[in-house]
Amino acid sequence: AFALFAFAFASVNAAGCAYSDAVSGCVYNLDSLSVPLNSPASAFYNFTVASGNAAGMYNWNICNALNSTEIPCGAGTEVAVCQSTGNNSYSAGVTGTESWAAYNGLNMTSCPGVSLTYGGGDDCVLIGTARQTTISVACNPAALTPRTVNVTEDSCQYLITMESAAACGTLEIGRASCRERV
């Protein structure tokens with residue numbers, strides 16, 4: 001119920017990559033984390049998982065698609081998250097399906113970060129539904145360059161955890177500072 005409530009009051013800036021959490025009053029702007037579409041493959045976020053269910057190479061973007069010429073993936077051209085294993089690649093989420101929520105990981109700031117979920121990826125034979133990815137970006141004021149902490153997978157549902165100073169939101173006018181410790 002909480003996730004639906006938080007999503008119902010989310011707002012995404014049509015001109016950019018922003019989320020306003022009506023529950024906490026935190027406002028986030030992730031424009032600086034979005035890689036321009038025509039960028040080379042090396043500009044996009046990537047992470048390799050060596051073993052286990054999530055084994056493979058992951059490439060993703062925030063609030064924008066990957067460059068499909070540089071990183072061909074799955075059946076679509078609006079792929080935001082790509083999983084590659086061996087000679088196969090799968091769309092694990094596409095732009096236009098984004099949903100936002102407050103970050104629910106451990107973080108000691110009042111505005112702890114955000115989670116962005118992409119749906120509509122390639123079909124997952126294992127469970128008979130489309131692949132989807134949640135990218136959780138935790139506030140870390142020291143992470144001026146975003147860093148990936150982990151990538152996990154559970155039945156074609158992927159979780160990418162990142163840290164970035166860009167995910168340290170600000171409180172709307174009239175509320176306490178987001179930077180204070182709880």
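Are Tyr19 and Trp100 buried or exposed? Select both: Tyr19 and Trp100 are buried. Buried means under 20% relative accessible area, exposed over 50%, and partly exposed in between, with a 1.4 Å probe and protein chains only.

**Before you go on**

This is a predicted model: local features need pLDDT of at least 70, side-chain atom pairs count only at pLDDT 80 or more, and totals for chains, interfaces and linings use all residues. Residues are numbered from 1 along each chain as its sequence is written, and side-chain values use heavy atoms, leaving out hydrogens and water.

**The whole chain**

Colour by secondary structure. The protein has one helix and 14 strands. These are DSSP runs, numbered from the N terminus: helices are H or I with at least four residues, strands are E with at least two. Of the 182 residues, 44% are buried.

**The aromatic rings**

Go back to Tyr19 and Trp100. Their rings are stacked, 5.6 Å centre to centre, with 5° between the planes. Tyr19 lies in strand S1 (residues 18–20) and Trp100 in strand S7 (residues 99–102), so the pair ties together parts 81 residues apart in sequence. The whole structure holds four aromatic pairs. Rings of Phe, Tyr and Trp (its six-membered ring) pair if their centres lie within 6.5 Å; planes under 30 degrees apart count as stacked, over 60 as edge-to-face and the rest as tilted.

**A charge over a ring**

Next, select Arg131 and Tyr90. The charged end of Arg131 sits over the Tyr90 ring, 4.2 Å from the ring centre. The test is NZ of Lys or CZ of Arg within 6 Å of the ring centre and within 35 degrees of the ring normal.

**The core**

Now show Leu30, Trp60, Ile62, Val81, Ile135 and Met162. These have the most contacts inside the largest nonpolar core, which has 39 residues. Such a core is a set of buried Ala, Val, Leu, Ile, Met, Phe, Trp, Tyr and Cys residues joined through side-chain atoms within 4.5 Å. Its largest share, four residues, comes from S5. Centre on Ile62. Not counting residues up to four places away in sequence, Ile62 touches residues including Cys17, Leu30, Tyr45, Ile135 and Met162. Contact means heavy atoms within 4.5 Å.

**Last stop: a loop**

Select Ser39, in the loop between S2 and S3. Ser39 is buried, with a relative accessible area of 11%. Its side chain reaches the backbone oxygen of Pro36 at 2.8 Å. Beyond its neighbours within four places in sequence, Ser39 is in contact with Phe44, Asn67 and Glu70.

Methods:
Polar contact = N/O pair within 3.5 Å; in protein donor to acceptor, adjacent residues only side chain to side chain.
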